[in-house]
Amino acid sequence: MILDPSERTRATQRKYQEDKEAGKLIGLENEPPIMEYDHWKLIVNRYPYDEVWMTSMLLVAKDCVSWAELPTEAVIELHDLKIGFKRIFDRITENGDAMASVNYVPHVHLLQGFKGCGNSRPIQDFKL
């Protein structure tokens, strides 16, 4: 097993790779939501970027389509959600194709509490 570079701790990256090799990854579309919107749902990242961030969540498209196939309404909703989430999260990011996992579903990483900063904080409770 080769641990590839990521923002995960070695333990989390190892667990991710082991689960992937064993066929145990759960598709993002099947993860239980914390919050639901019309076209998107907010979930906890099962394999968080815990080397660098205190909080690692994902905004996942409910429809299992490619980015290019998202309906216009979903794109507009994503834009609005990202504007609101900028008040809560330190980083909102989308990975490129090289980082894509099996059964790719459009998603956005929502990261909070940069561990390299002395005044970083995890998310306590938020409403959007």
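Here are some worked exercises on the structure above.

This is a predicted model, in which local features need pLDDT of at least 70, side-chain atom pairs count only at pLDDT 80 or more, and totals for chains, interfaces and linings use all residues. Residues are numbered from 1 along each chain as its sequence is written, and side-chain values use heavy atoms, with hydrogens and water left out.

**Exercise 1. Find which residues of α1 are buried and which are exposed.**

Step 1: Locate the helix. α1 covers residues 10–21; helices (H or I, at least four residues) and strands (E, at least two) are DSSP runs, numbered from the N terminus. The 12 residues of α1 reach 16 Å from first to last C-alpha, close to the expected 16 Å, where the expected span is 1.5 Å times one less than the number of residues.

Step 2: Sort by accessibility. Buried means under 20% relative accessible area, exposed over 50% and partly exposed in between, with a 1.4 Å probe and protein chains only. Thr12, Gln13, Tyr16, Gln17 and Asp19 are buried in α1. Their arc around the axis is only 165 degrees, which puts them on the same side of α1; the arc is that of the directions from the helix axis to the C-beta atoms. Arg10, Ala11 and Glu21 are exposed on the other side of α1.

Step 3: Look past the end. Gly23 follows α1, and its phi is positive, near 70 degrees.

**Exercise 2. Work out why the buried residues of α2 line one face of the helix, and what they pack against.**

Step 1: List them. Ala74, Glu77, Leu78, Leu81, Gly84 and Phe85 are the buried residues of α2.

Step 2: Recall the helical repeat. An α-helix has 3.6 residues a turn, so residues three or four places apart point the same way.

Step 3: Look down the axis. The buried residues of α2 fall within an arc of 125 degrees, so they line one face.

Step 4: Find the neighbours. These buried residues pack against β2, β3, β4 (91–93) and β5.

**Exercise 3. Is Asn45 buried or exposed, and which residues does Asn45 touch?**

Step 1: Asn45 lies in the loop between β2 and β3.

Step 2: Read the accessibility. Asn45 has 8% relative accessibility, so Asn45 counts as buried.

Step 3: Collect the contacts. Not counting residues up to four places away in sequence, Asn45 touches Ser56, Met57, Leu58 and His109, where contact means heavy atoms within 4.5 Å. The Asn45 side chain also reaches the backbone nitrogen of Tyr47 at 3.0 Å.

Notes
Polar contact = N/O pair within 3.5 Å; in protein donor to acceptor, adjacent residues only side chain to side chain.
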